[in-house]
Amino acid sequence: MKSTPLLAWYRALAIATGCALLIFCGFMIAKYGFDTAQNATMYVAMLHGYLYIGYFIVTFLLGQKLKWPLGRLVFTLAAGCIPFASFIAERRVVRETAAATAPVAAEEPVSA
């Protein structure tokens, strides 16, 4: 199986979505805990929403291409809405995809 550009897009969007979600959580704490950053919170929420839409589409396409089971696909899709989960899912997906796409070693060495 060859590496796919979807994997690069997935990695970028997983990290960006995770960072935006953590920033959004900080702004929510500021908004409801300290009554500040009212307007900024809306913009950070919109940023996370747009990034999540891209993350969702790319993750779905990658899951279809790699033939993930439904449970794994749902967890990976939901990871963009759970703080820190997108980082964990991204590392797991990259590690497993690299293992699946690694060249298979020959059983016997080639003699010259």
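Which residues make a nonpolar surface patch of about 920 Å²? The legends below begin with that patch. The model shown is predicted.

View 1. The patch is made by Met42, Tyr43, Met46, Tyr50, Ile53, Phe56, Ile57, Phe60 and Leu61. Leu61 lies in helix H2, which covers residues 38-65. With a relative accessibility of 43%, Leu61 counts as partly exposed.

**View 2. The whole chain.** The protein chain has four helices and zero strands, and its pattern along the sequence reads α-α-α-α. Of its 112 residues, 31% are buried. The accessible surface comes to about 7400 Å², and carbon and sulfur atoms account for 71% of that area. Among contacts between residues at least 6 apart in sequence, 65% join residues at least 24 apart.

View 3. Helix H4 runs over residues 85-101 and has 17 residues. From first C-alpha to last it reaches 24 Å, close to the 24 Å expected at 1.5 Å a residue. The buried residues in H4 are Ala85, Ser86, Ala89, Glu90, Val93, Val94 and Thr97. They lie on the same side of H4 because they cover an arc of only 155° around the axis. These buried residues pack against helix H1 (5-34), H2 and helix H3 (70-78). The face turned away from the buried side carries the exposed residues Ile88, Arg95 and Ala99.

**View 4. Helix H3 and its cover.** Arg72, Leu73, Thr76 and Leu77 are buried in H3. Their arc around the axis is only 130°, so they sit on the same side of H3. The cover over the buried residues of H3 includes H1, H2 and H4. On the face turned away from the buried side are the exposed residues Leu70 and Gly71.

**View 5. The salt bridge between Glu90 and Arg11.** The structure holds four salt bridges. In one of them, Glu90 pairs with Arg11, and the closest N and O atoms are 2.7 Å apart. The pair links distant parts of the chain, since Glu90 is in helix H4 and Arg11 in helix H1, 79 residues apart. Glu90 counts as buried because its relative accessibility is 4%, whereas Arg11, at 34%, counts as partly exposed.

**View 6. Salt bridges at Glu96.** The side chains of Arg72 and Glu96 meet in a salt bridge, with N to O at 2.7 Å. Arg72 lies in helix H3 and Glu96 in helix H4, so this pair ties together parts that are 24 residues apart in sequence. Glu96 also meets Arg92 in a salt bridge, with N to O at 3.4 Å. Arg92 and Glu96 both lie in helix H4, four residues apart, which is about one turn of the helix. Glu96 is partly exposed at 32% relative accessibility, and Arg92 is partly exposed with a relative accessible area of 35%. Elsewhere, salt bridges that share partners join Arg11, Glu90 and Arg91 into one network.

**View 7. Two loop residues with positive phi.** Most residues other than glycine have a negative phi. Asp35 has a phi near 55°, a positive value. Asp35 is placed in the loop between H1 and H2 and is exposed, with a relative accessible area of 62%. Phe84 has a phi near 75°, also positive. Phe84 lies in the loop between H3 and H4 and is exposed, with a relative accessible area of 52%.

Technical notes:
Residues are numbered from 1 along each chain as its sequence is written. This is a predicted model: local features need pLDDT of at least 70, side-chain atom pairs count only at pLDDT 80 or more; totals for chains, interfaces and linings use all residues. Side-chain values use heavy atoms; hydrogens and water are left out. Patches are made of residues with over 30% relative accessible area and no salt bridge: like charges are joined within 9 Å, nonpolar side chains (Val, Leu, Ile, Met, Phe, Trp, Tyr) within 5 Å. Accessible areas come from the Shrake-Rupley method with a 1.4 Å probe; for residues, only the protein chains shown count as cover. Buried means under 20% relative accessible area, exposed over 50%, partly exposed in between (1.4 Å probe, protein chains only). The expected span of a helix is 1.5 Å times one less than its number of residues. The arc is that of the directions from the helix axis to the C-beta atoms. Contact means heavy atoms within 4.5 Å.
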